[in-house]
Amino acid sequence: MNFYAVIIGTEILNGRRVDKHFEFLKNELAKYGHELCASFVIKDDVRLMKRTYKMIRDDKEAVMFSFGGIGSTPDDLTREWPRKFSEIPSP
C-alpha cells in the first residue's frame with residue numbers, strides 16, 4: 001500500500017496556522033510498520049485539489065488521508081470538495 005497525506009489549507013501555506021496532521025499521521029503509520037509515500041500541503045483551490053486527488057487515485061495501491069476543513073477561513077473548500085470528487089468517474 002502507498003499511503004498519501006493531503007493537507008489542505010491556504011492558512012498553513014501562508015503561516016497563519018501550523019499543521020499537526022503530518023506528524024500525527026507519520027507516527028500512527030509507523031506504529032503499524034508503514035510509512036508515507038508522499039505528503040502534499042496545498043491551498044484551498046478546487047483545481048489543485050482535483051489534480052492532487054486524481055494523481056493519488058491513479059495509484060492503484062493508494063490509501064489517501066485528506067486533512068483540512070477547520071472552517072475558520074472564508075476560502076475553505078475541504079468539506080465541499082471531497083464529496084464532489086467522489087462523484088468524478090474513475091479512469
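Modeller: Happy to. A polar contact here is a pair of N or O atoms within 3.5 Å; within protein, one must be able to donate a hydrogen and the other to accept it, and residues adjacent in sequence count only if both atoms are side-chain atoms. This is a predicted model, in which local features need pLDDT of at least 70 and side-chain atom pairs count only at pLDDT 80 or more, whereas totals for chains, interfaces and linings use all residues. Residues are numbered from 1 along each chain as its sequence is written, and side-chain values use heavy atoms, with hydrogens and water left out.

At its start, a side-chain oxygen of D45 comes to within 3.2 Å of the backbone nitrogen of R47.

Four residues of α3 are buried, namely M49, T52, Y53 and I56 (buried is under 20% relative accessible area, exposed over 50%, partly exposed in between, with a 1.4 Å probe and protein chains only). Because they cover an arc of only 95° around the axis, they sit on the same side of α3 (the arc is that of the directions from the helix axis to the C-beta atoms). An α-helix has 3.6 residues a turn, so residues three or four places apart point the same way. R47 and R51 are exposed on the other side of α3.

Now for the setting of this helix. The chain has four helices and three strands, running β-α-α-β-α-β-α from the N terminus on. Buried residues account for 29% of the 91 residues in the chain. In helix α2 (residues 21–31) we find E23, whose side chain makes a polar contact of 3.2 Å with the side chain of K26. E23 is partly exposed, at 41% relative accessible area.

The three strands form an open sheet in the order β2-β1-β3 with parallel pairing (two strands pair if DSSP finds at least two bridges between them). The edges are β2 (36–42) and β3, each with a single partner strand, so one side of each has no neighbour in the sheet. Six bridges join β1 to β3, and six bridges join β1 to β2. Among the bridge partners, A5 goes with F65 in β3, Y4 with M64 in β3, and I8 with I42 in β2. Strand β1 is mostly covered, with six of its seven residues buried.

One aromatic pair is counted (ring centres of Phe, Tyr and Trp, the latter by its six-membered ring, lie within 6.5 Å; planes under 30 degrees apart are stacked, over 60 edge-to-face, the rest tilted). F3 and F65 form it, stacked at 6.4 Å centre to centre with 25° between the planes. This pair links distant parts of the chain, since F3 in β1 (residues 2–8) and F65 in β3 (residues 62–67) are 62 residues apart. F3 counts as buried at 6% relative accessibility, while F65 is partly exposed at 28%.

How values were computed: Helices (H or I, at least four residues) and strands (E, at least two) are DSSP runs, numbered from the N terminus.
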